[in-house]
Amino acid sequence: MKLIALGDNCVDYYHNTGEAFPGGNAINVAVHAAEQGAESEYIGNLATDEMSNILRMSLAERKVSFEKCPSIPNSTTKICSYDVVNGERTFLEVVTGETWAGPIQLNTTLLQYMQNADVIVSGCNAKIAEQIALVENLSAVFAFDFGEKLKYQTEEYYDLVCKHIDLAMFSIPKMTEKEFEEFCAPLHRRGVVHVLGTMGSEGQYLSNGSKILKMSIHKVNAYDTMGAGDSFLAAFICKLMSLRWKKGKVMSLSDLKAALLVGQQAAAKNCMNQGGFGSKVIQSPLLV
């Protein structure tokens with residue numbers, strides 16, 4: 001099974017400890033999919049600075065291909081800064097600078113290459129909403145992570161990106177099943193096949209358009225929650241693909257439950273390590 005994660009990359013900098021880790025939703029998903037046994041590839045713009053070299057080394061070490069990534073001359077890697085206390089992070093700022101490598105610009109060659117994928121994963125942080133319909137028109141199963149920000153939960157944004165989404169994932173606050181059904185309605189009306197809402201310690205909801213599955217979790221004492229959602233998503237998708245998931249196919253509740261359990265296990269495991277997937281960046285003067 002070939003998975004392509006399309007989108008962002010960054011270095012996650014823990015301001016209060018001086019530690020830093022390779023990350024970004026797409027890179028995290030690609031790494032965790034490789035750990036699940038997928039033939040995994042990351043596609044996104046890569047800079048030419050010291051931090052980008054670390055990202056490349058981390059991907060190579062984790063058996064994730066990145067050969068199709070455009071390398072942007074004289075550019076820098078995005079830095080996402082947090083304070084992390086007792087495993088929980090507080091967002092501080094994003095530093096892109098004037099020479100950030102930026103979001104990828106899709107072209108015919110890349111789109112043709114992605115025809116070979118079984119599943120493609122992207123999300124709001126890829127910053128390619130205006131291009132995403134081109135990807136959704138491919139034959140691969142398509143998953144899109146909407147994150148948690150309300151600006152990605154508007155009718156206008158849904159109109160832009162909800163073309164052929166097989167799985168829409170959201171980080172949501174605690175809500176009732178009825179509230180989640182109402183939350184999913186505008187997505188299913190636009191043809192989204194499955195909607196997954198993760199509520200942290202409150203568990204998950206998953207809708208297949210006709211029924212809703214509610215899952216509780218086994219709580220762990222998290223060392224670091226960075227990348228938990230990305231590890232969950234990668235494991236969830238890989239399990240469904242092993243159950244013969246195809247584009248446009250509505251999966252049964254039993255298959256979805258099995259995938260949710262695998263996702264939970266992967267997220268719990270990742271919470272025992274620091275960073276999006278456990279690789280630390282040697283401290284650099286660029287991060288001070």
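Buried means under 20% relative accessible area, exposed over 50%, and partly exposed in between. The structure shown in the following views is a predicted model.

**View 1. Asn25 in helix 1 of the predicted model.** Asn25 belongs to helix 1. Because its relative accessibility is 26%, Asn25 counts as partly exposed. Leaving aside neighbours within four places in sequence, Asn25 is in contact with Asp8, Asn125 and Asp230.

**View 2. Burial of helix 1.** Nine of the eleven residues of helix 1 are buried, and the helix is thus mostly covered. The buried residues are Ala26, Ile27, Asn28, Val29, Ala30, Val31, His32, Ala33 and Ala34. Just after helix 1, Gly37 adopts a positive phi of about 100 degrees.

**View 3. Crossing of helix 1 and helix 7.** The axes of helix 1 (residues 25–35) and helix 7 (residues 228–242) come within 8 Å and cross at roughly 50 degrees. Helix 1 is therefore oblique to helix 7. The crossing of the two helices is right-handed. On the side of helix 1, the contact involves Asn25, Asn28, Val29, His32 and Ala33, which meet Asp230, Ser231, Leu233, Ala234 and Cys238 of helix 7. The residues of this contact comprise five nonpolar, four polar and one charged.

**View 4. Crossing of helix 7 and helix 8.** The axes of helix 7 and helix 8 come within 7 Å, at a crossing angle of roughly 145 degrees. This crossing is right-handed. Helix 7 contributes Ala228, Ser231, Phe232, Ala235, Phe236, Lys239 and Leu240 to the contact, and helix 8 contributes Asp255, Leu256, Ala258, Ala259, Leu260, Val262, Gly263, Gln264, Ala266, Ala267 and Asn270. By residue class, the contact of helix 7 with helix 8 divides into twelve nonpolar, four polar and two charged residues.

**View 5. The nonpolar cores.** The largest nonpolar core has 43 residues, of which Tyr42, Phe236 and Ile237 touch the most other members. Helix 7 supplies the largest share of this core, nine residues. Not counting residues up to four places away in sequence, Ile237 touches Leu3, Val119, Val121, Ala143, Leu167 and Trp245. A second, separate core of 39 residues includes Ile104, Leu111, Val161 and Phe170.

**View 6. Surroundings of Ile104.** Ile104 lies in the loop between strand 6 (88–95) and helix 3 (108–114). Because its relative accessible area is 3%, Ile104 is buried. Beyond four places in sequence, Ile104 touches Leu6, Ile43, Gly44, Asn45, Pro70, Leu110, Ile128 and Gln131. Among them, Gly44 is 60 residues from Ile104 in sequence, yet the two C-alpha atoms are 5.4 Å apart in space.

View 7. Thr225 is located in the loop between strand 12 (212–215) and helix 7. With a relative accessible area of 15%, Thr225 is buried. Residues up to four places away in sequence not being counted, Thr225 touches Gly87, Glu88, Arg89 and Cys271.

**View 8. Gly278 in the segment after helix 8.** The segment after helix 8 (253–270) contains Gly278. Gly278 counts as partly exposed because its relative accessibility is 39%. Apart from residues up to four places away in sequence, Gly278 touches Arg62 and Asn273. Gly278 and Gly23 are 255 residues apart in sequence, and their C-alpha atoms are 9.8 Å apart in space.

View 9. Asn74 has a positive phi of about 55 degrees, although it is not a glycine. Asn74 is situated in the loop between helix 2 (50–61) and strand 5 (79–85). Its relative accessibility is 70%, so Asn74 counts as exposed. Arg244, likewise not a glycine, has a positive phi of about 70 degrees. Arg244 is situated in the loop between helix 7 and helix 8. Because its relative accessible area is 65%, Arg244 is exposed.

Definitions and conventions:
Residues numbered from 1 in each chain as written. Predicted model: local features only at pLDDT ≥ 70, side-chain atom pairs only at ≥ 80, totals over all residues. Heavy atoms only, no water. Helix = DSSP H or I, 4+ residues; strand = E, 2+ residues; numbered from the N terminus. Buried < 20%, exposed > 50% of the residue type's maximum accessible area, 1.4 Å probe, protein only. Contact = heavy atoms within 4.5 Å. Axes fitted to C-alpha atoms, helices over the stretch in contact; angles between N-to-C directions. Parallel < 35°, antiparallel > 145°, perpendicular 65-115°, else oblique. Left-handed = near helix turned anticlockwise from the far one by under 90°. Nonpolar A, V, L, I, M, F, W, Y, C, P; charged D, E, K, R; others polar. Core = buried A, V, L, I, M, F, W, Y, C linked by side-chain atoms within 4.5 Å.
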